[in-house]
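User: Hi! Could you walk me through this one in plain words?

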Amino acid sequence: MSNLSDPVYQQLLGGIFAALALGTLVGQILKRRARTTAGRETVANMNQRINAWWVMCVVFAVAVVTGGIGSIVLFALLSFLALREFITLVDSGRADHRALLIAFFIALPAQYVLVGVGWYGLFSILIPVYAFLLIPAVLAIIGETQDFLQRTATIQWGLAICVYAISHAPALLLLDVPRYSGREALLLLFLVLVVQLSDVLQYVFGKLFGRHRIAPGVSPNKTWEGFVGGVTCATIIGTALYWATPFAPLEAAAMSLLIALAGFLGGLVMAAIKRDRGVKDYGALIPGHGGVLDRIDSLTFAAPVFFHVTRFFFQ
Amino acid sequence: MIASAIAGFARLVTGAVAVWLVAPRGEAVRVYFANHSSHADFATIWAALPSDQRARTRPVAAADYWNASALRRYLAARVFHAVLIDRAGGGEAAIEQMVAVLRGGDSLIIFPEGTRGDGTVVAPFRSGLYHLAVAVPEAELIPVRLVNLNRVLPKGEAIPVPVIARLTFGQPVALEPGESKASLLERARAAVVALDEGVRPEGTLP
């Protein structure tokens, strides 16, 4: 629990839990005031989401204050659950079994071990080079050629999104930012805070003011009003947190905007996959939210982009 | 304790989401009958039962497979309390064994297809289910539909892939007065097949 003695962590985590307490309070007030059936359902779902947020925030806070190993274990677990939801949703068959074993039990753990030992070179190519080539090779050796390209691409995509992309979140701890040594976990906290706030605020603005849908065929809940309001507010909050990051205020603003935009695109793409498969959620593990992949869909795009932009400009 | 640990492990690996369209505890003994596509099938059903029911529900399995090693013998006898059937011994002896278990007050898990399929179709049922229904009319015949188990652990594979499995316990199928063997078996099979349709995970679009 080394990081907990750092006042910056105390303030950020204190702020998160204060905001949650406020959300819980508002949820309870709305529950008393809801009159229509539809209104009551929306409020009940919102309160269910808030309750789940408490659990998620506690788990994440514990991971962050324990520093490296806690974050790696948490995100490895999230990757596992996300990949599991992803593969369950697609049409994998008997001929894919061995390739899936490699994905779940070799590629995934290896990727997080590489984060743990800080081997950046192999971390950045293990999945895009070696897993990318090994998966089709294994499928070819097994010999089933029906839908070969689609089956290969599906497993590769599952690994890229659920494992490779997500692993860039804990990999932020590997970055060596000048005059920021020992505080790298704050980058992870910043990323997750901005991307999730952006999600939540897009939801809130969408519920309050949403009129014009961005991509009605993909997601009925994504509106221009929600998008602009959520991204703007998340950027403002992210900018206000510049003191906890290695960034100057304007840099923090640009980074927050980048995170929110990448997160939005991640959510949109992952929604398109759900639509294609004819489901509303990836799973039912998190009450009110759906599956793990429903909660971290925006992170899959935001994490690698934030990682590499930070690495390019600030390391 | 080993039994609950194994049940917990099975639930973890298969991530099984159980849907009950019938009360998990019945008044009478039950015969749970399911489609069969994986070695993990009966452990999944068994693990999804309430723990008090689990202790009183015995899977019917092949003696040659479960007697093949000390570990399997131990699991079959001590953990699952399996009813081991001699596949070479003929149907009548097997039915007698199962009827004795039901009359003794324990429930059964059976796979009427007789062998594991590839998970795409449910094969025609063998007649054992009918003979049980005739011999123990008070037993409830509960259809169970397993989905994705063939993807968790397909035939011929040893290590499971953690695909999320789904199982649905349906309403009992009862033998009508004077109903023929073929009719009951086809209705029972149709009941298992039907549980896959219209039962999709919560939140699924139509």
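Predicted model: local features only at pLDDT ≥ 70, side-chain atom pairs only at ≥ 80, totals over all residues.

User: Where does B:Ala40 lie in chain B?

Analyst: Look at two elements of chain B, strand E2 (30-34) and helix H2 (41-48). B:Ala40 belongs to the loop between E2 and H2.

User: Is B:Ala40 buried or exposed?

Analyst: Count the other C-beta atoms within 10 Å of its own: 20 or more makes a residue buried. B:Ala40 has 21 of them, so B:Ala40 is buried.

User: How far apart in space are B:Ala40 and B:Lys155?

Analyst: Along the sequence, 115 residues separate B:Ala40 and B:Lys155. In space, C-alpha to C-alpha, the distance is 10.0 Å.

User: Which helix gives the most to the side of domain 1 of chain A that touches domain 2 of chain A?

Analyst: Chain A is assigned domain 1 (1-66) and domain 2 (67-314). Their contact takes 14 residues from domain 1 of chain A and 15 residues from domain 2 of chain A. On the domain 1 side, helix H1 (7-33) and helix H2 (37-65) of chain A each supply at least two residues. With 9 residues, the top giver is H2(A).

User: And which helices of chain A each supply at least two residues of the side that touches chain B?

Analyst: In that meeting of chains, 17 residues of chain A are in contact with 16 residues of chain B. The helices of chain A you want are H3 (68-89) and H4 (97-117).

Notes. Residues numbered from 1 in each chain as written. Chains lettered and ligands numbered in written order. Contact = placed C-beta atoms within 7 Å. Helix = DSSP H or I, 4+ residues; strand = E, 2+ residues; numbered from the N terminus. Domains from an automatic or database assignment. Buried ≥ 20, exposed ≤ 12 C-beta atoms within 10 Å, placed from the backbone.
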